[in-house]
Amino acid sequence: MALRLDETNSIYKMYKNTIFFSLQEKRVISKENGKSVHKPMIVARPTGRKRLDFRSFCQRVAKGTSFTSHEVAAVLNYATEIAKDVVAEGDIVEFGDLGTLSPTFRSKAVPVGETFRAQEHILAPKVRFRPNQKYFTLPTAYYEQVKTKSDLAKEAATQPPKPTNQSEEGEYL
């Protein structure tokens, strides 16, 4: 949770859904007069992200149910195993609010007239996850800018050094 001031700058509020970001310079290609030009631009990058491991995720899910965290983990693992088997058969799985899982692969191009051999010309079969756009939009998120380590180092370098163990006349104590 992050503290924020409201419009009157007097009342502090707690916002739970705060995404921290930092600003970074990036060279972006833009077209000017038909030519590609590299321009330095400022972009926002999410930062300060933490990862919730699977065990902790299952514990949080279990708190709202009558299941234990081990039962939740077993059900989730079994559901992903079944979904992978169904997709391996060439079918599409609708995974509830999360989205859909479907099979995909890369294929080598074969000249017309040559024999296409699936084992040789189809490469890298994978499961494609297409998230549900409605579910994965964060309309209640707030944003707060934070400084990067390099910004903090630059600030420290530009500030005058603080006197240590000196009196006002400059004598050491």
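A: Let's begin with a rule for surface exposure: a residue is buried under 20% relative accessible area, exposed over 50%, and partly exposed in between. Keep in mind that this is a predicted model.

Q: Thanks! Is Y135 buried, exposed or partly exposed?
A: The relative accessibility of Y135 is 45%, so Y135 counts as partly exposed. Two phenylalanines can be read in the same way. F129 has 40% relative accessibility and therefore counts as partly exposed, and F136, with a relative accessible area of 44%, is partly exposed too.

Q: How many aromatic pairs are there?
A: Rings pair if their centres lie within 6.5 Å, and planes over 60 degrees apart count as edge-to-face. By this rule, there are two aromatic pairs. In one, the ring centres of F129 and F136 lie 6.4 Å apart with planes at 85°, so this pair is edge-to-face. Y135 and F136 also form an edge-to-face pair, 5.1 Å centre to centre and with 85° between the planes.

Q: Now for the helices. At what angle do α1 and α2 pack?
A: Angles of 65 to 115 degrees count as roughly perpendicular. Here α1 (residues 54-63) and α2 (residues 69-88) pack at about 110°, their axes 8 Å apart. The two helices are therefore roughly perpendicular to each other. The crossing of α1 past α2 is right-handed.

Q: Which residues make the contact?
A: From α1 come F54, F57, C58, Q59, V61 and A62, while α2 supplies S69, V72, A73, L76 and N77. Sorted by class, this contact has eight nonpolar residues, three polar ones and no charged ones.

Conventions
Residues numbered from 1 in each chain as written. Predicted model: local features only at pLDDT ≥ 70, side-chain atom pairs only at ≥ 80, totals over all residues. Heavy atoms only, no water. Axes fitted to C-alpha atoms, helices over the stretch in contact; angles between N-to-C directions. Helix = DSSP H or I, 4+ residues; strand = E, 2+ residues; numbered from the N terminus. Parallel < 35°, antiparallel > 145°, perpendicular 65-115°, else oblique. Left-handed = near helix turned anticlockwise from the far one by under 90°. Contact = heavy atoms within 4.5 Å. Nonpolar A, V, L, I, M, F, W, Y, C, P; charged D, E, K, R; others polar. Phe/Tyr/Trp six-rings, centres within 6.5 Å; stacked < 30°, edge-to-face > 60°. Buried < 20%, exposed > 50% of the residue type's maximum accessible area, 1.4 Å probe, protein only.
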